[in-house]
Each structure stands twice: as C-alpha cells, then as structure tokens.
Amino acid sequence: MGCVVYVDNAATTKTSKKVIDAMLPYLTEHYGNASSVYSIGRDARNAVEESREKVAKAIGANASEIFFTSGGSESDNWAIKGLCDRLKAKGKNHIITSVFEHHAVLHVVESLEKRGWDVTYIDVDSNGLVSPADVETAIREDTALVSIMYANNEIGTIQPISEIGEICRRHGVVFHTDAVQAVGNVEIDVVEQNIDMLSMSGHKLHAAKGIGALYVRKGIVLTNFIEGGAQERGKRAGTENVAGIVGLGVAVEEAVSTMAERTERLSKMRDRLISEFLKMERTHLNGHKEKRLAGNANISFEGVEGESMLLMLDMHGICASSGSACTSGSLDPSHVLLSIGRSHEVAHGSLRISLSDDNTDEDIEYILDKVPPIIERLRSMSPLWERIIKNEDVINERCSYDISKMNE
Ligand SMILES: *Cc1c(COP(=O)(O)O)cnc(C)c1O
C-alpha cells in the first residue's frame, strides 16, 4: 500500500508544486552552466544569486554569507571540519556539542575526537532541552566551537538558541546550529541570535533532495570543502545544482512567509494527536510539551515494538517513523530517546508523527482511528505487556516478539 497519510515530514517532505514549477525551466530551456558567459549561462547565474538572496533574507543574513551545499549533512560536515581545521593552528582543541545531535554532527565530532580533539557532550534534560548554563560551564580557553541543534529531528524540542548564542559571543567562541528542522518553522535571525554558522536542507521544507545551504558569518573562514573550481567563492567547487538552488530559494521563501499560519494550524493538529494518544494507558510524550516544533508529535507506547507498529501502520497506508531499529539489525534504539532518559524498552515503542502543510484534519482523524487498535493488538501479542502491567522489571528486554504473527 502506498501512503494514504504521509506523516514522516521530518524524514523528508514532498517537493511542492510551486518548487517544481520554479525548478523546471532550469532543467529545460535555461540549462546553461552558471559560469558560462552566453545568455542561458547568465540566466542560470542570475537565478542562483537571486536564490542566495532569498535564503539569506529568510534568516537575516547577507547573500555573501550563504554557501549552497548538497544538504544538511554536508553543511554540518563543512561547518565543523572546516572551522576546526582552521582553528587547530591557533591552538584550539575543544568542541562542545550535545548528546542528541543529528549523526551528521555527532559522527563528525567523533571523527575529530579520533584525531585528538577534546569533546564535551552536553546532556539534555528529560524534556530534551539543553541548558545554556551547561554550555557556558563547558567553555574553555581552547574551545573552538559550540554546535547545538536548533530543533531536534526526533522529538521536536526547540533549544534556547538565543541564550546559547549570547554566551558563545561573549566568550568569543564560534556557534554553529543545525537548523535543518527549524528553518521555515521557527523565526530565525542570525544577527540578533548571535549565530555564526547555520545548516539547512531543502528536502525538509518541500524543496528537492540533494540541496542545502550553510550560512557562515562574515569574518569566519572555513577551509575549502571541495577543490576544483571557483564556484561558491572557490570554497565548494562543482557546477551548481541550479534547479535545486532555485527550488530551495522558493521553498524557504514560501515556508517563512506562511510560517505563522502553518504553526497555528499544525500545532492544533499536533496537540490533538498528543492528547488523544496520552489517554491510552502507559503512553508517554517525548520532548517538551510547548517548546516543540508545531508539526512534531512523538509518543512512546510501553509494551510495543516500534518497527512492528510501523509495519502495521503501513498496512493502513500511514507512513510514520519510530525510534526503534530492531529489524534494521541494530538493537540500540534512538540515541535521542535514550538521552532524555527513556529505557530501551520504552524507547523501542515510540512513534514519531511529523506533519507538514500537506496534512489535513482528516489525516489526524484517520490516524486516531487506526493507531489505538494497532497498539492494543501489538500489546496483546507482546509477552512483555502482561509483565509490564504487573509492574515487573522488563528494562533490558526488547525486540522479543514475533513479527510474523502480525498478519494472523
Ligand atoms: C535531515 C537532517 C539532516 C540531514 O540533512 P540532509 O539534507 O538529508 O543531508 C541533518 N540534521 C537534521 C536535524 C536533520 O533533520
């Protein structure tokens, strides 16, 4: 079954009609190389620079501070490696980040750790919030970078970015934020919020996959990410993804201009989902109740294994996500859910529903109609459930029931 109700927008979004219409001419009549001098090349160049203006405007930056990349992962990689490689020579050797960053940050930081960098991983509280005071305490003489995500992709919590930015500026430490989930959903002003570097991605806001941007504040110098040409001011070579770039500009502009209205609409839908799910016994909301993305609902259902739940939802055409990874060969549930203190067992039974502009009230009613019976069915099949309701200790048991029974 395809998706009847697509609610996995934190994983990716459908490219909007508006974006496709804007991109199409740059795949057809304006196919020129943006570095060429003839007119279709100049058309492409103008379109790229116009898009750079749009992206910059959306976050309060200057166009000259925006570099186009292939997406959020590349932007994170470049920001962290590019800065740390530069600052190594100036005696810096310490990075501060949080335990629940996206892997595009965590794995980069871990690779630097293997090369001798010292890393402080800030814990988050049970609501999934980073404390600015913890960041300040961790700052040292040799700290090169603080990288704290703007909004978490799994549990939707929105961090106190302005406070962290102020602290970093006061201590003269560069502040990077992975804002892939935040751009277009939260008001951002890089100047006011003292953000030095910011990552964004197109496909999380209805642009195409494989396009993103990195904002780098004027005065901060990163090492070149790709050598081989003069594109992106010589720092990120390669013929521009013109259509992708044009689409990103349109998508960001659209997302920001409709933000207020969308936030109001989606947060109502989100809150209805959360309050209905929490009426079921032994369910828990993951992430902060208010300081969360308008489109994010993340619930743990005790006694349920996430991937079985996703498969049963898929049978009803509901495309969602979970913090579990049993069938993908890993026994470890999401590092994000563990970081807020969920046990393995509870983390495995989590459901992330992430909404976008495309979702309707009918989608919410459909989900509320289908999910509770699925949870009940999975619990009735679970050898753990009976023990859970008897309050027995099941903390370290997971992935323990038979998915093949689901079709019975
Ligand atoms: C999706 C995502 C990324 C990765 O972005 P890509 O464009 O897919 O590389 C990075 N960080 C966060 C928070 C994300 O949600």
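Is Cys168 buried or exposed? I looked it up in this predicted model, and Cys168 is buried, with a relative accessible area of 0%.

Next I checked whether Cys168 has a bonding partner. The closest cysteine sulfur is in Cys84, 13 Å away, and that is too far for a bond, because a disulfide needs the two sulfur atoms within 2.5 Å. I looked up Cys84 as well: Cys84 is buried, also at 0% relative accessible area.

Searching the whole structure turned up one. Cys3 is joined to Cys319, with 1.6 Å from S to S. The two cysteines sit in distant parts of the chain, 316 residues apart: Cys3 lies in the segment before strand E1, and Cys319 is in strand E11. I also noted the torsion about the S-S bond of Cys3 and Cys319, which is about -110°, so this disulfide is left-handed. Cys3 is partly exposed at 42% relative accessible area, while Cys319 counts as buried at 15%.

Last entry: helices. How far apart are the axes of H8 and H12? They are 10 Å apart, and the helices pack at an angle of about 15°, so H8 and H12 are roughly parallel. Their crossing is right-handed. On the H8 side, the residues making the contact include Met269 and Phe277; on the H12 side, they include Ile364 and Val371. Sorting the contact of H8 with H12 by class, I got seven nonpolar, no polar and four charged residues.

Notes. Residues numbered from 1 in each chain as written. Predicted model: local features only at pLDDT ≥ 70, side-chain atom pairs only at ≥ 80, totals over all residues. Heavy atoms only, no water. Axes fitted to C-alpha atoms, helices over the stretch in contact; angles between N-to-C directions. Helix = DSSP H or I, 4+ residues; strand = E, 2+ residues; numbered from the N terminus. Parallel < 35°, antiparallel > 145°, perpendicular 65-115°, else oblique. Left-handed = near helix turned anticlockwise from the far one by under 90°. Contact = heavy atoms within 4.5 Å. Nonpolar A, V, L, I, M, F, W, Y, C, P; charged D, E, K, R; others polar. Buried < 20%, exposed > 50% of the residue type's maximum accessible area, 1.4 Å probe, protein only.
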